[in-house]
Amino acid sequence: MGFPKGPRTKEHQANLTAAIRKQRQDPEFIKRMSVASKITWNDPEYRERQSNVHKGINKGEKHPLFGKHHSEAARKKMSDSAKGQPAWNKGKTGIYSEETIQKMRNIKIGKKQSHETIQKRAEKQKGREVSEETRKKIGDVHRGKFLSIETRAKISASKMGKYGGENSPTWNPNLTDEQRHETRCYPEYKDWYSGIFERDNYACQLCGDDTGGNLNAHHYEAYKSNQEKRLSEENGITLCRQCHWKFHRQYGFGKNTREQFNEFMRAA
Ligand SMILES: [Zn+2]
């Protein structure tokens, strides 16, 4: 089957789609494809080669979809066809290298990603088009329209002890205590957090923002570098996300001190 030059006509596109559809239903074709995909995807060399090709040719600006977006209709189609289908990598092994698996695992257990990685992702998100509807949804969540942070704190307090720690449905038995402290996933930490909010009347102590869901509890002396003060009430202050980020953008992460914060306040 030859490809006519120039843009495809509607008719040609329809014929093509019909042909592909028919071919996909051919048992012989299905068998061939599944064998082929096993051979290719289980072959690390193939993957290495493929990934090099993509790195060199298809990455970033060279990607055919760079700067483009799938149309609303195309997106719906993709999403519809994916519904109810098992994930493409389900049950398959040998797809990812040991290194990649380790990376994914680290993300899952909440291990910190490098600043560079986070920055890169943020960069990618910039300039991304978000529909009005999505924007509204995000806004609602952030404004705590459904549950204010106060309500959530109350709920969490009422559940404390009941569902906390090992009784929590999200308790991950595979984490070591060290990992739990690293990822801040333990009930005492949550208590500290809501305690700081309560003391500060659920408002940013710099700009006064009291939007539910937009608040963070900041450690004067960094959580990471100051183990003894991790849960000290003296060591925390409520900040809105914007002020919090402004501070950390300026002073980095992990080794922060109260002096830095004082300096930050004086400059504000
Ligand atoms: Zn603020």
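**Figure 1. The order of elements along the protein chain.** From the N terminus on, the elements run α-α-α-α-α-α-α-α-α-α-β-β-α-α. That makes twelve helices and two strands. Keep in mind that this is a predicted model. If you look at contacts with a separation of 6 or more, 65% of them come from residues 24 or more positions apart.

**Figure 2. The largest nonpolar core.** Ten residues make up this core: Trp192, Ile196, Phe197, Cys204, Leu206, Leu215, Ile237, Leu239, Cys240 and Cys243.

Figure 3. How many of the five residues of β2 are buried? Five of the five are, so the strand is largely enclosed by the rest of the structure. Gly236, Thr238 and Cys240 point one way from β2, while Ile237 and Leu239 point the other way. Buried residues turn up on both sides of the strand, then. Strand β1 (residues 215–219) pairs with β2 in the antiparallel sense, over five bridges. To get your bearings in the pair, find histidine 218, which stands opposite isoleucine 237 in β2.

**Figure 4. Serine 232, in the loop between the two strands.** Serine 232 belongs to the loop that links β1 and β2. It has 13 C-beta neighbours inside 10 Å, so it counts as partly exposed. Histidine 219 is 13 residues away along the chain, and the C-alpha atoms of serine 232 and histidine 219 are separated by 9.1 Å.

**Figure 5. Asparagine 201 and tyrosine 202, with positive phi.** Most residues other than glycine have a negative phi. Asparagine 201 isn't a glycine, yet its phi is positive, at about 55°. Tyrosine 202 also has a positive phi, near 55°, and is likewise a residue other than glycine. Where do you find asparagine 201? It lies in the loop between α10 and β1, and tyrosine 202 is in the loop between α10 and β1 as well. Is asparagine 201 buried or exposed? With 11 C-beta neighbours inside 10 Å, asparagine 201 counts as exposed. Tyrosine 202 has 19 such neighbours inside 10 Å, so it counts as partly exposed.

Figure 6. Glutamate 182 sits in helix α9 (residues 177–183). There are 16 other C-beta atoms within 10 Å of it, so this glutamate is partly exposed. Now follow the chain on to tyrosine 223: glutamate 182 and tyrosine 223 are 41 residues apart in sequence, but 9.1 Å apart in space, C-alpha to C-alpha.

Technical notes: Residues numbered from 1 in each chain as written. Predicted model: local features only at pLDDT ≥ 70, side-chain atom pairs only at ≥ 80, totals over all residues. Core = buried A, V, L, I, M, F, W, Y, C linked by C-beta atoms within 7 Å. Buried ≥ 20, exposed ≤ 12 C-beta atoms within 10 Å, placed from the backbone. Helix = DSSP H or I, 4+ residues; strand = E, 2+ residues; numbered from the N terminus. Pairing = 2+ DSSP bridges. Contact = placed C-beta atoms within 7 Å.
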